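I opened this entry to record what I looked up, starting with chain A. My notes follow the order in which I checked things.

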Amino acid sequence: MQSHFDLFGLQPAFAVDEVRLERAYREIQSRVHPDRFAHAGDAERRASLQWTTRVNEAYRALKNPVQRASHLLELHGVDVAFETNTAMPAEFLMEQMELREALEGATQSKDLGALETLQKRIDGDKRTLEQQLGERIDRQKDYAGAADLVRELKFLEKMEAEIDAAYEAIE
Amino acid sequence: MALLQIAEPGQSRAPHEQRLAVGIDLGTTNSLVATVRSGVATVLADAQGRALLPSIVRYCADGRVDVGYAAQAQQAADPKNTIVSVKRFMGRGVKDIDHLQNAPYDFVDAPGMLQIRTVAGVKSPVEISADILKPLRERAEASLGGPLTGAVITVPAYFDDAQRQATKDAGRLAGLNVLRLLNEPTAAAIAYGLDNASEGVFAVYDLGGGTFDLSILKLSKGVFEVVATSGDSLLGGDDFDQRVFCWAVEQAKLAPLAPRDMRLLLVKSREAKEHLTSHGEAPITARLSTGEFVDVAIDTETFCRITQTLVQKTLGPVRKALRDAGLGVGDVQGVVMVGGATRMPQIQRAVADFFRRDPLNNLDPDKVVALGAAMQANVLAGNKPQGEDWLLLDVIPLSLGIETMGGLVEKIIPRNSTIPAARAQEFTTFKDGQTGMSFHVVQGERELVSDCRSLARFELKGIPPMAAGAARVRVTYQVDADGLLSVTARENTTGAEASVAVKPSYGLADTDIERMLRDSFSHAKEDVHARALTEARVDGQRLLEATRSALAADSALLAADEKAAIAARIAELEKVLSGADHRAIKQALDALNHATEDFAARRMDQGIRRALAGKQIGAL
């Protein structure tokens with residue numbers, strides 16, 4: 001199976017050239033999108049639907065750091081094992097528990113300012129982790145070691161979604 | 001097929017070859033039809049020169065159906081048989097409708113979608129909507145001078161699968177070839193974007209008669225990319241009328257009203273609302289059937305006060321869409337106002353305050369959606385040469401999920417995913433010898449199945465008996481470019497294709513559509529036949545044309561024997577096309593489609609290779 005990177009003519013790497021990725025995505029979409037085949041025969045419409053779906057999936061995966069990293073590790077035979085491997089460094093877990101408590105507090109007191117502070121904190125943590133991931137994957141080629149970082153990043157992503165949900169609950 | 005159709009530079013399709021395509025805005029309050037003529041999108045008016053068709057249908061005892069102004073004139077006299085704002089009922093059950101007691105209809109709680117009992121029989125919202133679409137189709141055909149190749153029908157971006165499916169069904173029932181369901185804010189963005197050659201991030205604030213949408217789009221070099229959409233499919237201008245109505249009832253100390261008085265006072269309330277757009281005060285006067293005379297006046301301040309919560313209610317989805325897009329107010333370069341309800345000054349003010357900039361109002365908020373839809377229909381029909389067209393990337397507004405143990409939802413396709421999108425999942429059997437599995441697909445953001453909307457339940461049957469956990473069933477959920485879901489399943493260990501019956505919880509089965517189509521013809525058989533034949537011929541012609549231009553462009557991708565096989569199928573289809581047997585045409589059509597499958601896939605691969613080659617050259 002062709003990798004997501006191959007599909008867009010990119011070198012497989014965690015550091016992805018977003019401008020090139022977007023340009024390739026749009027180039028391909030402009031040729032395979034169902035809007036181009038709205039009055040074509042069934043065979044072409046089906047092929048168009050399948051390709052567009054595939055291209056959208058690959059694009060979404062490459063834009064998202066967790067999915068991009070997981071895909072890269074998979075290409076190198078490493079399973080991130082989100083479901084089965086839940087071991088995390090104690091320090092990281094402690095921190096996450098504190099953040100979660102802060103989130104609960106902010107939600108209960110409907111404190112939008114506190115939510116914003118939390119969000120900024122998570123943003124910063126994510127950026128740091130992403131830098132470390134780039135280092136681990138692209139330079140050190142330590143794919144097994146990268147898996148731990150990917151799981152941590154996924155944790156932060158979940159936290160981010162919970163912050164969004166809290167905003168909605170408050171508004 | 002527009003993609004690989006390569007014409008000489010400067011050479012475009014001859015005028016007589018222009019395919020007749022329209023965009024239809026099927027609105028809660030008004031509907032419109034528009035088309036592109038000589039490169040300019042225009043709304044088509046009726047014989048009296050009126051662009052809007054009120055979305056009102058009246059069923060009479062003698063079988064006559066009045067639509068639009070004629071029905072509007074009778075709405076207070078015959079409220080039970082005159083259906084207004086039917087869009088609110090699309091894909092909805094009785095329990096979903098707020099203010100049910102304020103609607104003068106005789107509702108029938110049918111499984112799935114509610115129905116309304118009229119003197120002409122029980123009508124589903126799909127049939128009523130089709131009755132609105134039919135005169136629009138006729139108007140377009142009379143104006144353009146021929147049968148339509150296809151139509152783009154717009155839907156609120158926040159419509160779920162059931163509401164979309166119902167809209168598409170209504171289009172089919174009205175005899176339209178629905179090229180695409182297009183989201184209303186996206187249609188408006190097309191009209192604005194192309195008009196102003198805009199680039200950057202835009203928000204579209206679309207408050208219609210019954211629905212509210214907020215979409216955030218990125219516009220750049222001919223690409224319209226929706227990055228997030230949000231809204232409320234049960235919030236619109238109607239609710240403002242309702243507030244005024246309730247206020248008037250309270251002011252005039254009226255007892256519960258008879259249906260016709262209710263309708264009358266609602267109409268007066270709406271008029272007062274519209275009057276307040278440009279005046280400080282509006283009178284509400286009405287002579288009720290009880291002999292009572294209502295005479296109250298509402299001023300701007302009161303109107304703003306009683307509708308303040310509604311205005312605030314629209315800002316929640318605005319914030320949500322911005323968060324989903326990962327953008328702030330400062331990133332938005334322009335806010336496009338769509339829908340008649342955005343004329344209300346308090347809406348304009350609230351939006352200006354929120355975005356800290358004056359909203360854009362330079363296109364008529366009632367027409368902009370139909371205009372954009374017409375432009376898109378023109379592209380989909382293949383009337384635009386490559387290079388002059390654009391690419392539209394839209395999203396699914398609500399997450400799709402399936403029910404798991406304990407009534408919980410597992411998300412399979414998250415909201416704001418670019419469509420088409422798909423997700424495959426593997427399941428296994430729980431018991432030895434188990435031959436079936438049942439699935440429940442829901443739409444919504446909540447964690448509990450009971451808080452989401454049920455889309456479909458289906459059973460997978462015919463799994464070969466095996467030990468528990470041995471079967472591998474792969475279920476694929478596909479959302480197409482209309483935002484509609486389809487499900488397929490396959491048992492992987494034996495390769496046996498298991499059958500899937502998707503039972504729509506809402507919406508209609510294909511057999512219902514057929515029945516309604518049959519019912520809509522007075523002399524059932526011949527008409528159904530004639531129609532099937534016409535449709536088969538149109539499909540056949542279209543496929544022949546598409547195949548020929550594909551061969552003209554890319555026959556190099558085929559070996560000699562493959563070319564001969566396709567040529568033979570073309571000849572067969574040509575032979576039966578002039579005959580009167582629609583089944584023979586359908587068969588030949590399917591055969592040609594089948595014969596071109598590999599060719600289609602190769603052309604698509606080639607398209608991608610060329611796209612990447614082009615990009616790399618461009619990047620150097």
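How many helices and how many strands are there in chain A? I found 7 helices and 0 strands. Read from the N terminus, the elements run α-α-α-α-α-α-α. I note that this is a predicted model.

Next I checked the dimensions. The C-alpha trace of chain A spans about 55 × 45 × 30 Å along its principal axes. Its radius of gyration is 19 Å, whereas a compact globule of 171 residues would have one near 16 Å.

Then I turned to burial and surface. In chain A, 49% of the 171 residues are buried. The chain exposes about 8,600 Å², and carbon and sulfur atoms supply 48% of that area. I looked at charges too: chain A has 23 positive and 33 negative ones, and their mean positions lie 6 Å apart.

I also looked up contacts in chain A. Among those with a separation of 6 or more, 70% join residues 24 or more positions apart.

Which residues have the most contacts inside the largest nonpolar core? I listed A:Phe8, A:Ile28, A:Leu73, A:Leu115, A:Leu133 and A:Ile137, in a core of 57 residues. Helix H7 of chain A, residues 143–170, gives the most to this core, with 12 residues. A second, separate core has 49 residues, including B:Ile306 and B:Met344.

I followed up on A:Leu73. Leaving out residues up to four places away in sequence, A:Leu73 touches A:Val78, A:Val80, A:Ile137, A:Tyr143, A:Ala146, A:Ala147 and A:Val150.

Terms used:
Residues numbered from 1 in each chain as written. Chains lettered and ligands numbered in written order. Predicted model: local features only at pLDDT ≥ 70, side-chain atom pairs only at ≥ 80, totals over all residues. Heavy atoms only, no water. Helix = DSSP H or I, 4+ residues; strand = E, 2+ residues; numbered from the N terminus. Rg over C-alpha atoms; globule rule 2.2 N^0.38 Å. Buried < 20%, exposed > 50% of the residue type's maximum accessible area, 1.4 Å probe, protein only. Contact = heavy atoms within 4.5 Å. Areas by Shrake-Rupley, 256 points an atom, 1.4 Å probe, with all protein chains shown as cover. Lys, Arg positive; Asp, Glu negative; His and termini not counted. Charge placed at Lys NZ, Arg CZ, Asp CG, Glu CD. Core = buried A, V, L, I, M, F, W, Y, C linked by side-chain atoms within 4.5 Å.
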